Amino acid sequence: MRPKAWVSWSSGKDAAWALHVAQASGELDVVGLLTTTNEHFDRVAMHGVRRDLLIAQAEATGLPVHVVPLPWPCSNDDYEARMRAALDVARSAGVTHVIFGDLFLEDVRRYRESRLAGTGITPVFPLWGVPTAQLARDMVSAGVRAHIVTLDPRKVPRELAGRVLDHALLDALPEGVDPCGENGETHTFVSAGPMLRRALPVRAGEVVERDGFVYADLMLDQGSQPIPS
């Protein structure tokens, strides 16, 4: 019997691709997604994605999503306490692994490993060390449709908010910007790709700046039917 796993799910391309890679390898039985939301705004933490989009996306993966609401503002103690409670739920469901979409930030990996040490849950990093320039293009070529929902305007142009990541956009990124946004330059929402059973019809709404970041408000296009994949 394969070990059961959840995916740490941000709704973005790296988490989505980590799910795809894990499912393709067949080594783990992926049985759920784990997402944190901002309790005040009822949106995916940092990405600013609406809950209805998150739920529709999770349904398209065919996996249940376990939502951890976080207070706003959120202290590290609050974050860790709520994540410990979520891991208790995971363990009670027989989950022994959590899959992360981290790429190369050593401090982030060490933090995750330290928090899971002694919990009975093993962190898995299927994308670790993959060159991000090639990884970003592989995702696009494989049909991943990733919308830029958050960006740091100090690093990338504000005009990219709401844009879909494609080869032309990757070509135009400023020098020094990681193609996958791993240094916090951008965050994305995936509406199509090999990890989704159907593509989601979405449209970009208002673009706002808050707390030093630019957010593009994506919405489900209620006038469209889900797109067969």
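Which side chain is joined to that of histidine 97 by a polar contact, and at what distance in Å? In this predicted model, the partner is threonine 96, whose side chain lies in a polar contact of 2.8 Å with the side chain of histidine 97.

Histidine 97 belongs to strand 5, which runs over residues 95–99. With a relative accessible area of 17%, histidine 97 counts as buried, because the cut-off for that class is under 20%. When its neighbours within four places in sequence are left aside, histidine 97 is in contact with Pro3, Lys4, Ala5, Trp6 and Leu28, and also with Ile121, Thr122 and Val124.

The protein chain around this residue is made up of 6 helices and 12 strands. Its radius of gyration is 17 Å, close to the 17 Å that the globule rule gives for 229 residues, so the chain is as compact as a globular protein of that length. Among contacts between residues at least 6 apart in sequence, 73% join residues at least 24 apart, and the contacts of histidine 97 include one with Pro3 and one with Val124.

The following values describe the protein chain as a whole.

| Property of the protein chain | Value |
|---|---|
| Box filled by the C-alpha atoms, along the principal axes | roughly 45 × 40 × 35 Å |
| Residues that count as buried | 46% of 229 residues |

Terms used:
Residues numbered from 1 in each chain as written. Predicted model: local features only at pLDDT ≥ 70, side-chain atom pairs only at ≥ 80, totals over all residues. Heavy atoms only, no water. Helix = DSSP H or I, 4+ residues; strand = E, 2+ residues; numbered from the N terminus. Buried < 20%, exposed > 50% of the residue type's maximum accessible area, 1.4 Å probe, protein only. Polar contact = N/O pair within 3.5 Å; in protein donor to acceptor, adjacent residues only side chain to side chain. Contact = heavy atoms within 4.5 Å. Rg over C-alpha atoms; globule rule 2.2 N^0.38 Å.
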